[in-house]
Amino acid sequence: MFYQRNTEKTLSRELFYHPSSEYRGAPFWAWNCALDPDETILQTSVFNEMGFGGYHAHVRSGLDTPYLGTEFNDCIRACAEEAKKADMFLYLYDEDRWPSGAAGGAVTKDPRFSARYLLFTIKKAKQAPTLDKDGKLLKGQKLLARYTVHTFGNQIIHYRRLSEEETPLGVIWYAYLKTEAPRSFLNNAPYVDTLNKDAIDRFAEITYGSYQKTVGDYFGHEIKSIFSDEPQFHRFKQPRFPFPYHSKERAWTDDFDDTFKIAYGYSLLDKLPELFWGTKGYYSDARYHYFDHLSERFANAFSDNLGSRCKDMGIAFTGHLMEEATLCTQTQAVGDAMRQYRGFQIPGIDMLCSRYELTTAKQAQSAVRQYGREAMLSELYGVSRWDNDFQNYKIGGDWQAALGVTVRVPHLSLMSMKGLAKRDYPASIFYQSPWYKKFKFLEDHFARVNTALTRGNPLTEIAVIHPVESFWMLYGNFVTKAKYHAFDKKFIEITNILLRGGLDFDFICEATFSELTKKGEYPLEVGKMRYKTVVVPNCITLRSSTLDRLKAFREKGGKVIFVGEIPQYENGKPSQRPRELADNSTRIPCKKKEILSSLEQNRLYGVYEEGEHTQDIVCQLREDNNGLWFFVARAEKTVQSKPFVTQKQQLTFKVKGEWKAAIWNTLNGKITAAKAETADGFTFIKADMYKQDSLLFRLDDAEEQYPEAETIFSTDVPFAKSVPYTLSEPNALLLDTAYYALDEQKYSFNRCELLRLDNICRKKCGLPVRGGRSCQPWAMEKRKPEHRLKLKFVINSKIEVKKPYIALEDAETASIVLNGVIVKSEVCGWYVDKAIKKVALPSIKKGKNTLEISIPFGLNTNTEWCYLLGDFGVSVRGSSATLTALPEQLRFSDITKQGLPFYGGEITYISSFEGNGKTACVSVPKFKAAVVEAKTMESQDIAFAPYCAILPTEKGETTLSLKAYISRQNAFGPIHLRNAKNALISPYSYYALRIKTTRRYVLSPAGILAAPKIKLQ
């Protein structure tokens, strides 16, 4: 059992205030360097300090220890032991990077297991394929069939499969089975054939078998699950333009047509052209059958297979699929997302790039509810920016909690920032970010939410038939492209209408409907859930089993609502049965007002402002111990671009039933009474919400008293425009551009950005360039550097700087010369990350300084940005930076314009005011930092609206410090992107095309940007 404390009859206040590890997040811990057992063990304690309940040991770019080798497994074992000591959890991950299935390339060393696909082309293969003794493809292209195809306007007029003897005149189309090419990101191996159960069995034997042997004795205790990341079949896309002779692809495997014949009674190869061109009436049962069979083959080979193995081992199979969000993307990558979830003990999603994909979350949540799973996982926060802050983390986590997420996997905590590892989708939610010790404040909030939302049972009366199988009728040819995009848009639209309109629902997957629902009773039982109303949204086809159950459900008293178009097909073939059912059911147009009105009788809750239902809040309602948990959260993307909105909304929350209500404050663990009234069988609660708020209500029959006195603040205290300050670390000058010389060559005429010049020199030396998809170091050939790269930095200074440092990677192998003086490369500490070493330099003189660094250069070396550290300010103009004196005081405005453009540590603003011995409300109305700590005699964190702290004061002069936790964006982000302020950061951001970059520095604002305000009690 994942949440063992949930067997207790009630949620204790002690557990709510101090949630245990199973309720807490477990980030992706990026194993991205040469593993050091001592350092690995040491870092586990950081997660505990940050408030996490565990960590996912996740291999990422940069791993330089053989994957699943002895040293690697020793570290896995050590982490399990440390987790046990700290009462935490080690969560396993099943691949070297992603997508899962190839075991770092070990599986596809056997060419029988490499991914393959069907290529439909007019180009005849020039070479014979390599086959095994059973005729299975090992390499190249194996001919499956030939065709003559006659089309008009991308629609088929006539086609015919040719016999082996026929050689007609004109264009011949060839259907080949073709193997995927190796990928550098998969350690120069191809991806695995995820339609081949034997291939996935081999994957499980290597990966799962290794973990079972290494830490199997921890399974079910300190190790609860194993994460599978983005499994997929061969992804294909519809060509953008209707070129008549454009080669086309579809996922396929050696025996695909054989098993297809068994399932449908005919050869798909006989009808293959119908997958790529429009047919009369647009639709094709062959196309429908293909995607159905593809989805089933994938589910059987991968998630069903691995889920069964995990169950036998006593751990949960979890993770997320590739491209779940839309009907189009899931069709291209996994076929039918909901069908795949049946094999997961903990279904999961990913929600990166600060996205708001309600469809993705709702699909997984529906499977969790119907299969009665204990938990739902989300990989979240990644592909953002170093300057992502606590309020964005909170909003992103809150709405997902409302839609079922209980296992949070923050992306990403870097074990090391050495080399390319530092560019692996930052920010690092770990010790490299100055705010890491404050993260427990946020993690406590989510853990408290989980203590309530993992209890009891979810409540909803509405089910919606998932329309992906209807989408298959449209997908595959250019003629229907506009239709299938419009169909996809309606899928997203109805999801938003219902959830934002306060009508929770679950999707019904047609493929698993008959398994979960044996007959159509009222209410409709779908696994563990019971529904009173079923919506059929704009479908084109329905399964016979779906029609049978909906018909019986309606006859028993259930309500069936057909929205928009009435299906004309059954199992992909024309049929009158859907219309007959629709004629005896409710039919409405696909319009918001009509949809909400038709479902009003199923409303269990609502959120209203001035009498109108809100559109930016999503909720979850759960029954638990004769009461209800009601959680409400924001789902409004505009909050991110307008973070300092302090206006609160006065809302009314409506919940079915007559209850007494309390607010369980998840930020501080306190419980207070809520203002509630009952009328017409509903409870109405009035409460205020700011833009970053979420609320957790408990509704019970009996009222408890939770008094809390309201404090009034009235006396304004003036605040200075600038104040003294302290820095937690030396200021930094980013050295990211230099003149360069390879070996004995002369220095370049112009400066060049270091990552760019690294690849220029790699090309000159005949070495593979670095980027976002490089082969892992452990899998690469090891060579001693054959070259020497010299870098020359010109540093202009208006002051003399004493006792500066240079921070750089691989400092021990570097030769450093400052103004002609040779510097000993003696390491004396580190900067930001332990891989970035500090070396003491002689004084920087006033005027022009020349810093030369010579480093080994070769296949396995890294050329990385450097940092000059010391007691100085920095003035930036365009692409140049000059050292200046640090300001004596800081204004409440952007620090990048006050001598700290590349600074990324803590800044403490120090001031004082006349206190009255009572409390003061300290408001920080605008800041660019992850969080601000306000302190008098006590401290309080400021991260969310209304951006204030209530603090005690002295009777007389009271010292106030405001510590802003700045991000590493301006020192480690891609700050030469033209659109850097809005860009989501990935490894590719640092290797952008010149047209997307600029020589000037594009900096992100930082610091406290407006003067604080103080009011006394």
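In this predicted model, Gly956 is in contact with Phe913, Glu914 and Gly915, leaving aside its neighbours within four places in sequence. Gly956 belongs to strand E61, which covers residues 955-965. With a relative accessibility of 10%, Gly956 counts as buried. Gly956 and Val149 are 807 residues apart in sequence, and their C-alpha atoms are 91 Å apart in space.

Strand E10 was examined next. E10 spans residues 225-229, and five of its five residues are buried, so the strand is largely enclosed by the rest of the structure. In a regular strand, the side chains alternate between the two faces of the sheet. Both faces of E10 are covered. Ser225, Phe227 and Asp229 are buried on one side, and Ile226 and Ser228 are buried on the other. E10 also has strand partners. Strand E3 runs parallel to E10 and is joined to it by two bridges. Here Tyr93 has Phe227 of E10 as its bridge partner. Strand E12, residues 316-320, pairs with E10 in the parallel sense as well, over five bridges. Ser225 is bridged to Ala316 in E12.

Strand E13 is also covered on both faces. This strand runs from residue 348 to residue 351. Gly348 and Asp350 are buried on one side, while Ile349 and Met351 are buried on the other. E13 pairs with strand E14, residues 377-380, in the parallel sense over four bridges. Leu377 in E14 is the bridge partner of Gly348.

Helix H3 covers residues 70-86. At 1.5 Å a residue, its 17 residues should span 24 Å. The C-alpha atoms at its ends are 24 Å apart, which agrees. An α-helix has 3.6 residues a turn, so residues three or four places apart point the same way. The buried residues of H3 are Phe72, Asn73, Cys75, Ile76, Ala78, Cys79, Ala80, Glu82 and Ala83. These buried residues pack against several elements, including strand E1 (28-31), helix H2 (37-49) and strand E2 (54-59). Strand E3 (89-93) and helix H4 (197-215) are also among the elements they pack against. Just after H3, Asp87 takes a positive phi of about 60 degrees.

Aromatic rings were then considered. The count comes to 74 aromatic pairs. One of them joins Phe47 and Tyr55, whose ring centres are 5.3 Å apart. Their planes lie at 35 degrees, so the pair is tilted. Phe47 is buried, with a relative accessible area of 0%. Tyr55 is buried too, with a relative accessible area of 0%. Charged side chains also sit over rings. The charged end of Arg408 sits over the ring of Phe446, 3.9 Å from the ring centre. Arg698 lies over the face of Trp629, and the distance to the ring centre is 4.8 Å.

Cysteines complete the survey. A disulfide is a covalent bond between the sulfur atoms of two cysteines. The count of disulfides in this model comes to zero. The cut-off for a disulfide is 2.5 Å between the sulfur atoms. Cys328 is buried, with a relative accessible area of 10%. Cys619 is buried as well, with a relative accessible area of 4%.

Conventions
Residues numbered from 1 in each chain as written. Predicted model: local features only at pLDDT ≥ 70, side-chain atom pairs only at ≥ 80, totals over all residues. Heavy atoms only, no water. Expected span 1.5 Å × (residues − 1). Buried < 20%, exposed > 50% of the residue type's maximum accessible area, 1.4 Å probe, protein only. Contact = heavy atoms within 4.5 Å. Phe/Tyr/Trp six-rings, centres within 6.5 Å; stacked < 30°, edge-to-face > 60°. Lys NZ or Arg CZ within 6 Å of the ring centre and 35° of its normal. Pairing = 2+ DSSP bridges.
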